[in-house]
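Here are my notes on the charges and surface patches, in numbered points. Have a look at the model alongside them.

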Amino acid sequence: MLSNQITEQVRDIPLLPLRGLLVFPYMVIHLDVGREKSINAIEEAMITDKELFLATQKEAQTDDPGEQDIYEIGTIAEIKQVLKMPGGTMRVLVEGLRRAKIETYLENDFLFRVRVREIWEDPVQKNSEIEALTRTLIYQFEQYVRMSKKIPPETVVSVVSITEPGRLADVIGSHLSLRIHEKQAILEAINVKRRLELLCELLGKEMEVLELERKINIRVRKAMEKTQKEYYLREQMKAIQKELGDKDDRAGEVEELREKIAQINLPQEVEEKALKEVERLEKMPPMVAEAVVVRNYLDWILSLPWSHETKDRLDLSVAEKILNEDHYGLEKPKERILEYLAIRKLAKKMKGPILCFVGPPGVGKTSLGKSVARALNRKFVRISLGGIRDEAEIRGHRRTYVGSMPGRILQGMKQAGSKNPVFLLDEIDKMTSDFRGDPSSALLEVLDPEQNYMFSDHYVEVPFDLSKVMFITTANSAHNIPKPLLDRMEVINLSGYTEEEKVHIALDFLFPKQLKEHGLRPQNLSISEGAVRRIIREYTREAGVRNLEREIATICRKTAREVVKDRNKSVKVGKNNLATFLGPPRYRYGTAEKESQVGLSTGLAWTESGGDILSVEVALMQGKGRLILTGQLGDVMKESAQAGLSYIRSRQDYLSIEPDAHEKIDIHLHVPEGAIPKDGPSAGITIATALASAFANRPVRNDVAMTGEITLRGRVLPVGGIKEKVLAAHRAGIKTVILPSENQKDLEEVPQNVKRKIEFVLVDHMDQVLEHAFVKENHANQNSGS
C-alpha cells in the first residue's frame, strides 16, 4: 500500500501564539492581535515574505506564554491583509499553507522567533482503504452538517469537490466544533490515513452528542408547548370566568381564606403571618408539594380558638350541686374549685389555676376533672401523657418535616374550640425522656402562668394564649414528677376512700349505674349494705373503687342470666349468700387479737390501697444476744427495730429487766404476712412495745393499736397516713389508738362517727406508750386467776 510522500525543510520564522484557536492548512481566517510580541511578529513578517508560524497555546488564559506553553506543531500561514484597529490592536487575515514543527526558539524578548521544520505533503496515491475512509468521512460530514445546522449547506458542496484526501481532512477539521486538544491531534496527524481515521472517529462521537441534543430539545420543546398550551387555556378560562362573574379555584380559595382571616378576629401578629402565607399560596403553582404544606398550616391557624371563649357558670350553689352529684367525698378539691369560682365572680380577669390531683388509682381523679368542666360550664379536653417521651409531642414539629403537625396542647385546644377549657393532663408522673428531648421540660412553659400567655408551638410559629385555660394534672405519686414542674402546680392530695365512703359510693352511684348498664330493673336485683361491706373487706383491697365496681358488675351479670330464664326473677344479695356469686373471699380482713398476749403488739400501717393493722411478734430464746428480723422488712424498718431494742436496753431498770438478759438470749422479731414487703419508720413504737413486753413478760392490750417513729432516747415522732390508719383500726374493732402528739392536727380529717367510737391517746415519749399499752397489773392477775 502506498502512503503520502513527506518532504521536510528547515527555516527561521516569526511565531504568533494563538489563544483558544487553531489554524489548519488551506484555512482562511481573521485574527485579532493585541499582545506586543504578537504585533512585533506580524510587523517582522510584513517586512520579509509575509509568512509567519501560527501555533496554539496549551492554556488560553496564559498572557505571556513560555516555550513549554505552546504546542510544537503548528501551521505556516501567509498574511493576506492587515488592519490597524483603535486601541493599538490589529486585525489580520491569514491563510494556512502547510504544517511545520518547532525545532528551537531563537528569540523570546522582542518577539517570538523560531526555527521550524516545514512538512510538505506530496499528492497521495489512492488505494481502496484511503478511498473508503474518504467516502466515510464525506458521508459523516454531510450528516453532521444536516444535524448541527451551524455550517451552511454550501460548504458541503465545496468540501465534496476536494479530491486530495489530506486537504479534505484539513478542511473538514477546520469546520468542526471540536476542543482545542482534539483539533491539535488532527494537526499533528502527519500521516493522511491516520488523519482520516481520527476524523471519522471524532465525527462519530460528535454525531452521537448531536443526536442526544436533538432528543433533549424535542422533549423540552414538547414540555414547553404543553406548558404554553396550559397557560394559554388558563388565561382563556380566566377571561371567560371574568366575563361570567365566576372565579377560578385558586383565586376563589385565596379569597375565601382572606375572608375567613378577616372574620375570626385574629391577633395582629397572627393575622400578618396568615396573610403572608396566603400570598405565598397565591403565587405557587397548584400542584407544588409546598402548596399542600401551606394549606395545612392555614387550616390549623384558622381552626384554633384565638378569641372564642365560653362563659363561666358563676352560680356557686349550682356548681356545688353538680360536684356532689358526680362524686361522694373529695372535699378538698371541691372546696378549691368553689373558691376559684368565688374569685372569678369578684375579679373578672384572673389567670386559670393549675391544679395537680395526686392519689392512688381509682379514687376519681380523671372523672373529677370532667365534673369540674361541667360545674364551670366549660369545654373539657383530656390528653394522656403516659409513656410520652418526645418533646415534639408537646410543642409540635417544625414545618420542614414531612407530615408535621402541632403538639398535643394545640391539638387539644382545637378540639375544645374555646380558649378557656378545662384541660386535663392525665398521668403526668408517667412521662419519660430520651434522645428526642424531655417532654416534662416542654411542659414547664405550658404550666407556668407567667409564661403560658405566650406559648410557642414549633409548627404554628406564633404565640398562643393559654393563660385562661384551667389546667388539671393527675398523678399517682408526686415523687416521679420533676421538681421544677411540681413547683408550678398546686398539689391536692386525694387519699383513698374510707370504708364508709365506699359503701355510700357503691349504693348511691355504682350499683344504680351497673343495673342500667346490664339492663336490669331495681325489682330484679337488690344488695344489702352488709354484702357491700363484705365485698369491700374480703373481695377487694384498693384505695379507689374500680375493683368494687367490677365485683358489683359480676353480681349483675350472674343475675342477668337468671332473669333471662325467668323475667319475674328477683335476686337479693346479702353477706351470707355473697360467696355463691363471687366465690370464696380473696383477702384476709385484719381484726384485733382475741386476747392480750406477751410479745405481741398491734401496729397501724398505710398502703396504697388504704390503711391496715399490723401485728408484731417477738420471741425470746436461749442464745448469744442476736437480733433476728423476719417478715420481709425494709432497711428503715430494720433500723427502727435496732433503735427500739437499744431504747429497751437503756430502760432496763424501769422495765425490771435483768442487766445481762440481752447477752444470754436471742431475740426473734417477726411481722406476719411475710410475702408482703414492709418498710417505713411508723412501726417504731409498735416494735419497741413488743420487745418491752417480751423482756418484761407483761402482756400488751389486744384492743390497743399504735403508730409512731421512735428515737434512741424514746421520743415519739409524727408519721403520715393517720386518717387511713385510724379507719383501719376502727374496721378491726380496736378501742384505743396511740398516736404521736404532733399528729393531733391530722385527726380533723377523721370522720366524726369513727372518732366517737375510738379513744385517742396522744404521746410524746415511749414511757407513755408502755403505760397505756401494757395490761394493768391487777387486770393481768385477774385474767390469770380466772
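1. A salt bridge here is a side-chain nitrogen of Lys or Arg within 4 Å of a carboxyl oxygen of Asp or Glu. Lys 193 is also partly exposed, at 24%.

2. Before going on, the ground rules. This is a predicted model, with local features needing pLDDT of at least 70 and side-chain atom pairs counting only at pLDDT 80 or more, while totals for chains, interfaces and linings use all residues. Residues are numbered from 1 along each chain as its sequence is written, and side-chain values use heavy atoms, leaving out hydrogens and water.

3. Which parts does the salt bridge between Glu 44 and Arg 113 (2.7 Å, N to O) bring together? Glu 44 lies in helix H1 (residues 36-47) and Arg 113 in strand S6 (residues 112-121), so the pair ties together parts 69 residues apart in sequence. Helices (H or I, at least four residues) and strands (E, at least two) are DSSP runs, numbered from the N terminus. Glu 44 is partly exposed, with a relative accessible area of 23%.

4. Asp 448 and Arg 488 form another salt bridge, with the closest N and O atoms 3.4 Å apart. Both lie in loops, Asp 448 between helix H15 and strand S10, Arg 488 between helix H16 and strand S13, so this pair links parts 40 residues apart in sequence. Asp 448 is buried at 11%, whereas Arg 488 is partly exposed at 25%.

5. Shared partners join Arg 11, Asp 49, Glu 51, Arg 98 and Glu 118 into one salt-bridge network. The count of salt bridges comes to 44.

6. Now the patches (residues with over 30% relative accessible area and no salt bridge; like charges joined within 9 Å, nonpolar side chains, namely Val, Leu, Ile, Met, Phe, Trp and Tyr, within 5 Å). Glu 320, Glu 331, Glu 335 and Glu 339 gather in a negative one on the surface. Helix H11 (residues 331-346) gives the largest share, three residues. Glu 339, in helix H11, is partly exposed at 38%.

7. Leu 212, Ile 216, Val 220 and Met 224 make a nonpolar surface patch of about 360 Å². Ile 216 belongs to helix H6 (residues 192-244) and is partly exposed at 42%.

Conventions:
Areas by Shrake-Rupley, 256 points an atom, 1.4 Å probe, with all protein chains shown as cover. Lys, Arg positive; Asp, Glu negative; His and termini not counted. Charge placed at Lys NZ, Arg CZ, Asp CG, Glu CD. Buried < 20%, exposed > 50% of the residue type's maximum accessible area, 1.4 Å probe, protein only.
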